[in-house]
Amino acid sequence: MQMNDNDTTLIPDNSPLADKLQRIADHERGLRTTVPRVIQSAGRTRAFAAGGERGKMRAADADRDRVVEFLNTAYSEGRLSKDEYDGRLENALSARTYADLDQIVTDLPAARETVVTQVAKTNGLAIASLACGLAQFVFGPLATIPAIVFGHVARHQIKRTGEQGAGLALAGLILGWATVILGIVLIVVVGLAVSVGMNGTMH
């Protein structure tokens, strides 16, 4: 017998059919409430394993290059066999996201950072400034202006590049400006002496 959707059929509560229909209804309600939670939980697990939002981001060539260098180091230290190295290298070069790259090196220890202490070089103009400052005592005032110019330029470069030689540039500046000041004082003194002498002869 066919029934329309609007037809209502009464089934006794103690009927086996009523009990079966109740179990089917309970099962359907359980699926509706349980399945989304399972899917949601699985999604969170995958997101966590992939590093969250970062794991979904596209990796750049520089990121792949860093992982390749890391694999080279691990292989040279004997942490990876030849087959493991070749397989991970291929995966690194074809990786598309950060999650793909993280999975390749997840079982390897963190890369050791090699701290290279570079000795800052001495600024060449600072050396030239001091050399010109000392050369004044041999060659006279011809080296005074270069000592001052080189000293100022050297100090500006040192502030920008972090090179050594600030003290040398300062010494060259002091010698250069000291010579200039001394020259001005001598000119003034000689001028006054000449003026006084001329006034004395006139009287």
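## Contacts and the chain as a whole

A contact means that heavy atoms lie within 4.5 Å. By this criterion, residues 24 or more positions apart account for 65% of those contacts in the chain that have a separation of 6 or more. The structure is a predicted model, in which local features need pLDDT of at least 70 and side-chain atom pairs count only at pLDDT 80 or more, while totals for chains, interfaces and linings use all residues. Residues are numbered from 1 along each chain as its sequence is written, and side-chain values use heavy atoms, with hydrogens and water left out.

The chain has eight helices and zero strands, where helices (H or I, at least four residues) and strands (E, at least two) are DSSP runs numbered from the N terminus. Of the 203 residues of the chain, 22% count as buried; buried means under 20% relative accessible area, exposed means over 50%, and partly exposed lies in between, with a 1.4 Å probe and protein chains only.

## Helix H3 beside helix H5

Two packed helices are described by the angle between their axes and the distance between the axes. Helix H3 (residues 61-76) and helix H5 (residues 98-105) pack at an angle of about 5 degrees, with their axes 11 Å apart, and therefore H3 is roughly parallel to H5. Here the axes are lines fitted to C-alpha atoms, for helices over the stretch in contact, and angles run from 0 to 180 degrees between N-to-C directions. Angles under 35 degrees count as roughly parallel, over 145 as roughly antiparallel, 65 to 115 as roughly perpendicular and the rest as oblique.

On the H3 side, Asp63, Arg64, Val67, Phe70 and Leu71 meet Tyr98, Leu101, Ile104 and Val105 of H5. The residues of this contact divide into seven nonpolar, no polar and two charged, with Ala, Val, Leu, Ile, Met, Phe, Trp, Tyr, Cys and Pro counted as nonpolar, Asp, Glu, Lys and Arg as charged, and the others, Gly among them, as polar.

## Two arginines in H3

Arg64 lies in helix H3 and is buried, with a relative accessible area of 12%. Leaving aside residues up to four places away in sequence, Arg64 touches Ala59, Ala92, Leu93, Ala95, Arg96 and Leu101. The side chains of Arg64 and Asp61 are joined by a polar contact of 2.8 Å. A polar contact is a pair of N or O atoms within 3.5 Å; within protein, one must be able to donate a hydrogen and the other to accept it, and residues adjacent in sequence count only if both atoms are side-chain atoms.

Arg66 is also placed in helix H3, and a polar contact of 2.3 Å joins its side chain to that of Asp63.

A pair of aromatic rings is described by the distance of the centres and the angle of the planes. A search of the whole structure finds one aromatic pair: Tyr75 and Tyr85 are stacked, 4.6 Å centre to centre, with 20 degrees between the planes. Tyr75 belongs to helix H3 and Tyr85 to helix H4 (residues 82-94). Rings of Phe, Tyr and Trp (its six-membered ring) pair if their centres lie within 6.5 Å, and planes under 30 degrees apart count as stacked, over 60 as edge-to-face and the rest as tilted. Tyr75 is partly exposed at 32% relative accessible area, whereas Tyr85 is buried at 14%.

Leu80, in the loop between H3 and H4, counts as buried at 7% relative accessibility. Among the residues that Leu80 touches, not counting those up to four places away in sequence, are Tyr75, Tyr85 and Leu108.
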